[in-house]
Amino acid sequence: MASNSTVIRKEPVDAVIVGLGWTGSIMGMELTDAGLNVLALERGNDRTNADFTYPKPADELAYGVRMEMMQRPSQAAITIRRNLNETALPNRYLTSFLPGDGVGGAGVHWTGVLYRATPVELKLKSFADEHFDKGFLPDDMTIQDYGVSYEELEPHYDFFEKVCGISGQAGNINGQLIEGGNPFEGPRANPYPLPPLPGTYNNALFAQATKNLGWHPYPYPSANVSQAWKNPYGMQLGPCNFCGFCSKYGCLNYSKSSPQTCILDALKRRENFAYRTNCEVTRVELDSDGKKATGVTYIDGDGNRVFQPAELVIVASYALNNVRLLLLSGIGKPYDPVANTGVVGRNYSYQMTGSIDMFFDDIEFNPFVAAGANGQVIDDFSPDTFDSARHGFIGGSYIYTAQGSGAPISNTPTPGDAPKWGSGWKKAVKDNYGHSMSMGTTGTNMAYRDCYLSLDPNYRDPNGDPLLRMTLDWHDNDIRMTRFMRERMLEIVRELNPRSHVEGFKNFGDHYDTRHYQSTHNVGGAIMGTDPSTSALNRYLQSWDVHNVFVMGANAFPQNMQHNPTGTVAALTYWSAKAIREQYLKNPGPLMSA
Amino acid sequence: MSSMPDDEQRRDFMRRSLTLIPAVSLGSGVTLTASAAEEPPALADYQPSFFNTDEWQFILAACDQLIPSDEHGPGALETNVPIFIDKELYGPFGHADRWYMQGPFITDGDPELGYQLPYTPRELYRHGIAAVERYCQQEHDKAFSALDAATRDDILGRLEQDKIDFAALDAAPLTAGVFFSFLWQNIREGYFADPIYGGNKHMGAWKMIGFTGARANFREWVEQHNVPYPLGPVSLSGERG
């Protein structure tokens, strides 16, 4: 609890941004461009490129295991339950997902796989209505369209790819299919800014095997850049050296696109931008009729309670934290899954993943030669690229191989029959390190009526505020999808013919097991849309209820797509910024009529 | 190969930096003061900061069973893993500094909802070792460290399988399985973490498997498919293996 109950009042600003990660940094550029006086408030510490100079990041214990880059549960844990009757318990140390902390947010420690959504992923409900028989979707499935189209987002995807220097092989430029790229992607106005990364041996093996099967492998679109790049903000990136310390680590080589490498030094030069760290925003404050925000209250590093007046409030923290701030601030009606009313917390969804590790006798993979987005992928089993209805589900997964880390505390897989400790374990580790390759699926997770976010009734943070409670479990549609992907991956295993393999896929009857890392693609909970009875935000990411509050992040996704969220999160941020600059600032008020 | 001169230059630069700048602070709070030449302590000379004498005997014996020294490579004792665990428990990790440790602590929930004990890692080790020692006294009238290797293996196997009833040993709500999982995780951490944290002496575990440590520069090796990488590891403090 803050010791000082007196509230310090700061000088007003035009816009306050809550959280200085990717979306806060983008909004900082856009709103200062528009001439506003902008202040960003970041809960964590400052982080600059100097924090990641060699050899600091090459430390698996600190970053890969103790999670130095991540949100500290001691500050704000998430409680989790699987159904409405279970008592949610706190995730006391990070396991299943890893929200970031400090300046740069999760944009510092991310893997660097940067995708666009496909046109269908953005209008999944319309697609389902057109392509599936009536009654095919379960009654409790609550999927929706985003309310923004691929064509509307395309220029913003394009620009953000240039901000990041994304390295990849286009598969569709203005409708023209290109060999070696992803033929199932939405049409692009331009190729990727840089050519794809070179690939390790697992990539070559995967590409050959999937080609043999008649599928369409392409290189991961990578934010670990392949060549020197100067972005539209004048920021410079250098080619990735495959250092092997990528996902969960800051980049030691100025090669992974992040707010630090791509935006912040340019933003910090602007006189109409300022930021404060160790400032935890606890409320968006509203005027007496609750229709307009007056600013935010935060607790500073000395425990002082501070009121920061602002004309415009941009909520730009991690998706889960954004939803919690809306609930704590009383912005929008909280979702009630029993009455099926309210919107804030509705349509929380996650990512359906699976994996296979393959063990070979005589292949050298050099697993420490690694980068987060060093991989090959197929999109042949995406929501709209095959007849999923015939297999009993809506959705899909991309299937990939990646060699992202050889750091041995977490990356010493052994065959299923190997001893788990003792001399036999050591022999198995020694025999198999460097001789295994992994494959994975990253798949859709549909939205359901009983999967949502709310405030926890039992657990509180050090400020006395309720923690966020997550209610999530797996549904049969999504299990059918992942079992189908398992069959496809076993076809690849047969092509590659390893000595043995170990698989990890969910099965019917499995519940959400929070003990193991699965994905930091937590989406939904404050979703965008065109109907205020089923979305918290309108299609410009503006709160339907409080017009000068805009909320950036994957919380806007109505359900989870197979493709990684950061590209769409960034494109939506530029889309929202455009609406603020071209429409809202001229005439502040709701951009869509309810 | 073309990557070697760069690597060499970088190593040299790092060593010089370490001479010029006495302390480079790492994110974890560990300080890079050890020079490459500084010899890690002999395990027999080490005075534990966290463990008491009896607990230390348990940790030494458990490490020796879980990663023994044999023809495949160095064991946990040769690589100073017990020192790593002592240092970790003495430091921020031992105090659960990043964990959410507010109640209520509901310890009979579904295990899939994760760790719910009211214990920091220090407390967990203290209770866990005491429970195992009570069990050894009850069953064998000896301390764990005084048992023969086969009996120790049997007890560790029972811990792993959660087949020793910690409640009957007055250690509830801690369970044998949870205690074992922490012990084994921390032993593997000490075996494979950078030597700056006290274990992995002279990068012995890295050399055994062929991990390159903090080299962190492999651009020229990406497309050399199925060719073994020729160089040994380097550590954060500039030690070369």
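**The contact between the chains**

Analyst: In this predicted model, 37 residue pairs, both at pLDDT 80 or more, are in polar contact between chain A and chain B.

User: Which elements of chain A supply at least two residues each of the side that touches chain B?

Analyst: They are α2 (60-65), β4 (78-81), β5 (89-90), α6 (201-212), α9 (423-432) and β19 (452-460) of chain A. With 6 residues, α9(A) gives the most to that side. By residue class, the side of chain A that touches chain B divides into 38 nonpolar, 15 polar and 18 charged.

User: Why is the pair B:E189 and A:R66 called a salt bridge?

Analyst: The criterion asks for a side-chain nitrogen of Lys or Arg within 4 Å of a carboxyl oxygen of Asp or Glu. The closest N and O atoms of B:E189 and A:R66 are 2.7 Å apart, so the pair meets the rule. Across the interface of chain A and chain B, the rule finds 6 salt bridges.

User: What makes up the contact, and how much area is buried between the chains?

Analyst: Chain A contributes 71 residues and chain B 78 residues. About 6,300 Å² is buried between chain A and chain B, 60% of it on carbon and sulfur atoms. A:R92, A:W421 and A:K426 supply 14% of the area that chain A buries against chain B, more than any other three residues.

User: What makes up the secondary structure of chain B?

Analyst: Chain B has 7 helices and 0 strands, so the order from the N terminus reads α-α-α-α-α-α-α. Of its 241 residues, 51% count as buried, the cut-off being under 20% relative accessible area.

Terms used. Residues numbered from 1 in each chain as written. Chains lettered and ligands numbered in written order. Predicted model: local features only at pLDDT ≥ 70, side-chain atom pairs only at ≥ 80, totals over all residues. Heavy atoms only, no water. Helix = DSSP H or I, 4+ residues; strand = E, 2+ residues; numbered from the N terminus. Buried < 20%, exposed > 50% of the residue type's maximum accessible area, 1.4 Å probe, protein only. Contact = heavy atoms within 4.5 Å. Buried area = accessible area lost by both parts, 1.4 Å probe. Polar contact = N/O pair within 3.5 Å; in protein donor to acceptor, adjacent residues only side chain to side chain. Nonpolar A, V, L, I, M, F, W, Y, C, P; charged D, E, K, R; others polar.
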